[in-house]
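Subject: Handover of a structure for your review

Dear colleague,

Please find the structure below, followed by a summary of what was found in it. I would be grateful if you read the two side by side.

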Amino acid sequence: ADDLVRAVDRIMHYADAARRLRVRANADNAEDAARARRMGGEGVGLCRTEHMFLGDRRQLVERLILADTEAEQNEALDQLLPLQRDDFAEAFAAMDGLPVTVRLLDPPLHEFLPDITELSVRVAVAESRGESHENDLRLLQAVHKLHEQNPMLGLRGVRLGLVVPGLFTMQVRAIAQAAAKLLRDGGRPRPEVMIPLVGTVQELEIIRDESARVLREVGAEYGVQLDFPVGTMIELPRAALTAAQIAESAEFFSFGTNDLTQTVWGFSRDDVEASFFSAYLEKGVFGVSPFESLDTEGVGRLIEIAAAEGRAARPGIKLGICGEHGGDPDSVHFFHRAGLDYVSCSPFRVPVARLEAGRAAARG
Ligand code: PEP
Ligand code: MG
């Protein structure tokens with residue numbers, strides 16, 4: 001058994017020495033981040049912040065989204081800020097010295113709204129009993145206004161950040177405060193702020209300018225220099241096709257191949273079990289689901305275009321990928337050939353990604 005362990009270590013050592021792609025992990029909390037590190041992850045390539053708002057905190061986001069007044073909004077933001085600061089401080093400390101890419105909130109909106117059917121029933125029942133139901137009725141009207149038929153194509157990502165006042169600013173402030181405090185204590189936090197679902201450079205510019213203002217403000221407050229990268233996900237075809245413009249305002253690109261696959265094919269990523277999907281596999285339209293192994297001709301082509309345009313517009317721009325494909329062997333070979341800087345995948349897939357990145361490099 002010892003021989004086997006030594007042999008595996010040696011193989012990993014050769015792979016690490018040969019590979020050009022860096023390997024990061026997707027981790028949403030300090031525990032996952034620590035696991036990522038143990039698996040050889042060289043940073044966190046995607047920290048999805050929506051998972052931080054489940055449980056008790058969901059209510060605070062709901063209040064923020066549905067707030068009628070600025071005072072209500074500020075109250076919810078004031079409660080969220082220290083919670084987020086603690087979340088980020090833990091993640092940065094777990095990855096001390098390694099980059100942590102924090103993606104600003106990107107939920108399908110309905111996950112943070114009261115269930116519209118339940119609310120309608122409650123209002124109807126109260127009405128039929130002649131009971132007072134003014135609050136529920138007001139809530140129902142507000143939820144109705146935000147109701148979407150297609151939440152995955154709706155008020156998500158940067159759109160939410162632009163529509164809900166203070167939400168992204170609060171998150172950037174929490175990141176900045178957590179980093180500033182660690183820096184002051186002699187730590188080496190390396191946060192990166194990532195904006196989701198960007199389709200046009202204008203969206204990015206607004207958030208980037210606001211982030212820069214917050215970094216200056218918090219830096220001055222704590223007496224430290226805060227200048228960490230602000231970048232974007234490329235997960236919509238329009239973003240890929242306008243990568244030259246987007247690169248002007250983004251210090252890095254991270255390809256979100258889950259959403260990119262969904263939007264390039266027009267396949268719902270939430271319905272991959274649908275009958276036509278298995279029929280397609282059965283009939284050999286494709287051998288493997290494009291959500292599992294990268295569709296190099298469609299999605300991959302867009303990645304190549306965006307990578308080339310991004311590099312031409314901003315030489316040295318950092319390019320990564322953080323969709324599920326980051327840990328799929330064939331896809332890793334494609335990302336190597338496309339010249340990306342890193343892949344980011346689930347912590348458990350980090351060793352496979354390291355190995356495949358090494359094999360890809362050895363193949364030339
Ligand atoms: C993606 O779209 O590939 C991605 C990494 O983001 P998410 O899966 O959270 O939408
Ligand atoms: Mg996505």
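The shell around ligand 1 divides into four charged, four polar and two nonpolar residues. In this classification Asp, Glu, Lys and Arg are charged; Ala, Val, Leu, Ile, Met, Phe, Trp, Tyr, Cys and Pro are nonpolar; and the others, Gly among them, are polar. The residues concerned are Leu-46, Arg-48, Asp-106, Glu-235, Gly-256, Thr-257, Asn-258, Asp-259, Cys-322 and Gly-323, a residue being placed around the ligand if its C-beta atom, placed from the backbone, lies within 6 Å of it. Helix H12 (257–265) and strand S2 (44–48) each supply at least two residues of this shell, and H12 gives the most, with three. Helices (H or I, at least four residues) and strands (E, at least two) are DSSP runs numbered from the N terminus.

Please note that this is a predicted model, in which local features need pLDDT of at least 70 and side-chain atom pairs count only at pLDDT 80 or more, while totals for chains, interfaces and linings use all residues. Residues are numbered from 1 along each chain as its sequence is written, and chains are lettered from A and ligands numbered from 1 in the order in which they are written.

Annotated positions

For "binding site", an unreviewed UniProt entry lists Arg-48, Arg-103, Glu-235, Gly-256, Thr-257, Asn-258 and Asp-259. UniProt positions are given in the numbering used here, feature names are shortened, and annotations may be inferred rather than shown by experiment. The unreviewed entry also places a "binding site" feature at Glu-235 and Asp-259. Although these two are spread over 25 residues of sequence, they cluster in space, with a largest C-alpha distance of 5.4 Å.

Glu-235 lies in the loop between strand S5 (230–234) and helix H10 (237–241). Because 25 other C-beta atoms lie within 10 Å of its own, Glu-235 is buried. The cut-offs are 20 or more such atoms for buried, 12 or fewer for exposed, and partly exposed in between, with C-beta atoms placed from the backbone. Leaving out residues up to four places away in sequence, Glu-235 touches Leu-197, Phe-255, Gly-256, Asp-259 and Leu-260; contact requires C-beta atoms, placed from the backbone, within 7 Å.

Asp-259 lies in helix H12 and also counts as buried, with 24 C-beta neighbours inside 10 Å. With the same exclusion of residues up to four places away, Asp-259 touches Glu-235 and Leu-236.

Arg-48, in strand S2, is partly exposed, as 17 other C-beta atoms lie within 10 Å. Beyond its neighbours within four places in sequence, Arg-48 is in contact with Asp-28 and Arg-103.

The chain as a whole

The chain has 16 helices and eight strands. Its radius of gyration, 22 Å, is close to the 21 Å that the globule rule gives for 364 residues, so the chain is as compact as a globular protein of that length. The radius is taken over C-alpha atoms, and the rule is 2.2 Å times the number of residues to the power 0.38. Buried residues make up 43% of the 364 residues. Among contacts between residues at least 6 apart in sequence, 72% join residues at least 24 apart.

Helix H4 (residues 70–94) has 25 residues and reaches 36 Å from its first C-alpha to its last, close to the 36 Å expected, namely 1.5 Å times one less than its number of residues. Its buried residues include Leu-77, Leu-80 and Phe-88, and their cover includes S2 and helix H8 (167–184).

Yours sincerely

How values were computed
Contact = placed C-beta atoms within 7 Å.
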